[in-house]
Amino acid sequence: MITELAPLGRDALGADDLAALVRTITGDPAAVAGAVRVEPVDYPIGTPSTESLHRVFGTTADGAGWSCFVKKLQSVRHSPIIRFVPIEYRQSFIDYMPWQLEIAVHRSGVGDLMPDGLRLAKAYRIDLYDDDRGTVWMENVVQEWGPWPPERFERAAYLLGRLSARRQPHLVEPLLDREVSSTPGAALRYYANGRVMKSALPVLADPQCWRQPLLAAAVCNLHEHALRDDLLALGERIPTVLDTLDALPQCYQHGDASPQNLLVPHDSPDEFVAIDWGFDCPQAAGFDLGQLLIGLAHAGELSPEALPAVHEVILKAFQEGLREDGMEVDEEQVLYGYLGSLLVRAAFTALPLEQFGTADASLELFEERVLLTRTLVDLVSPVI
């Protein structure tokens with residue numbers, strides 16, 4: 001084992017494996033590994049199937065630099081979050097969560113289907129272990145700095161539309177060989193029945209929730225006293241929304257296409273590198289637009305007031321992308337697929353209720369999320 005790689009635990013490589021990795025990354029079959037160091041990635045991990053994230057930096061013996069991104073994956077049975085799942089639901093949650101999805105992406109042919117301008121991160125090495133864990137050693141993408149301009153949202157939506165058209169269920173197989181991966185809307189329905197119906201909506205329905213000081217102050221300051229009733233009224237529509245989504249034209253899509261998962265390389269700013277795929281089953285055409293719209297706003301990097309303008313840009317571009325690759329879908333159907341999915345996926349969980357009583361909670365955060373929730377409600381209500 002190389003001592004400097006010890007922070008990677010059992011993924012720490014020996015000299016021969018490190019040499020092979022360096023040659024793969026550099027493309028030089030004669031490269032010799034020199035100095036190496038590991039840095040943890042300072043990014044909050046929000047997915048229970050991700051164990052840890054690291055970057056590895058090094059040089060070759062002749063001084064050339066190289067790097068890679070190391071993502072450790074795990075069954076959710078290993079995640080600390082499992083203790084918060086009621087005992088009667090734990091096994092089904094473990095069985096359902098597809099921790100191998102990212103590995104399946106790199107081992108599939110999906111990279112060959114991606115239109116010019118959208119690609120996978122290069123995978124240099126994949127390790128699988130018998131205890132339902134695995135590690136992907138992949139390209140370390142140095143990202144372009146700065147906010148996304150409207151043109152970037154438009155181009156991302158267009159390329160996502162093209163990818164969706166190329167991954168219609170009659171054209172491709174699911175990434176994982178599971179029954180749910182072939183069932184339209186199965187992943188969103190699973191999320192709705194658990195995270196939304198059993199968790200979020202009961203809390204939002206409780207008047208005591210809205211009396212919590214920070215949420216109550218944010219609602220009062222922004223004159224959003226109708227927000228609770230509006231959310232609960234939309235919550236009653238969820239079963240109908242899910243049935244309608246399942247009847248729309250379906251595609252396998254990225255599944256979690258937030259800007260954070262569409263990396264823009266600094267040296268190729270017109271390109272997107274797609275990472276962190278999700279929801280491996282057919283979804284209504286337009287599904288990917290929800291995360292594209294909300295991702296930066298949810299992270300506090302885009303004002304909720306900017307979302308309506310982004311919404312207009314990405315809806316048209318996505319439909320153009322579908323059409324470019326031969327999939328004709330009415331605008332009303334794409335709009336419903338997009339906003340119906342967004343409603344279920346994001347509208348009921350945008351308020352940071354998990355922050356009640358924590359050191360990170362602030363009135364500014366709650367006001368921002370109240371505005372975000374109101375924006376989502378106003379976007380979806382005319383359609384749903």
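When I say contact here, I mean heavy atoms within 4.5 Å.

Okay, some housekeeping. This is a predicted model, with local features needing pLDDT of at least 70, side-chain atom pairs counting only at pLDDT 80 or more, and totals for chains, interfaces and linings using all residues. Residues are numbered from 1 along each chain as its sequence is written, and side-chain values use heavy atoms, with hydrogens and water left out.

Now walk across it. Strand 1 pairs with strand 2 over 6 bridges, antiparallel, and there Glu39 has Arg55 in strand 2 as its bridge partner. Then strand 2 goes to strand 3, again antiparallel, over 9 bridges. The hairpin of those two has 4 residues between the strands, and Gly63 takes a positive phi near 95 degrees there.

Keep an eye on Lys72. In strand 3, Lys72 is the bridge partner of Ser52, and Lys72 also stands opposite Thr135 in strand 6. Strand 3, residues 65–74, and strand 6, residues 133–138, run antiparallel and are joined by 6 bridges.

What lies across this sheet?

Next, a helix pair. Helix 6 (residues 186–205) and helix 12 (residues 331–347) have axes that come within 9 Å and cross at roughly 35 degrees. That crossing is left-handed, meaning the near helix is turned anticlockwise from the far one by less than a right angle. Who makes the contact? From helix 6 we have Leu188, Tyr191, Ala192 and Val196, and from helix 12 Ser341, Val344 and Arg345. By class, that's 5 nonpolar, 1 polar and 1 charged.

The whole structure gives 5 aromatic pairs, where Phe, Tyr or Trp rings (the six-membered one for Trp) have centres within 6.5 Å, with planes under 30 degrees apart called stacked, over 60 edge-to-face, and the rest tilted.

One of these is Tyr96 with Tyr190, stacked at 3.7 Å centre to centre and 10 degrees between the planes. Tyr96 is in helix 2 (residues 87–96) and Tyr190 in helix 6, 94 residues apart. Are they buried or exposed? Tyr96 counts as buried at 14% relative accessibility, while Tyr190, at 30%, is partly exposed; the cut-offs are under 20% relative accessible area for buried, over 50% for exposed, and partly exposed in between, with a 1.4 Å probe and protein chains only.

Another is Trp148 with Phe272, tilted, 5.6 Å between centres and 50 degrees between planes. Trp148 is in the loop between strand 6 and helix 5 (150–166), and Phe272 is in strand 9 (residues 272–274), 124 residues away. Both are buried. Ring pairs also bring in Phe153, giving a cluster of Trp148, Phe153 and Phe272.

Conventions. Pairing = 2+ DSSP bridges. Axes fitted to C-alpha atoms, helices over the stretch in contact; angles between N-to-C directions. Nonpolar A, V, L, I, M, F, W, Y, C, P; charged D, E, K, R; others polar.
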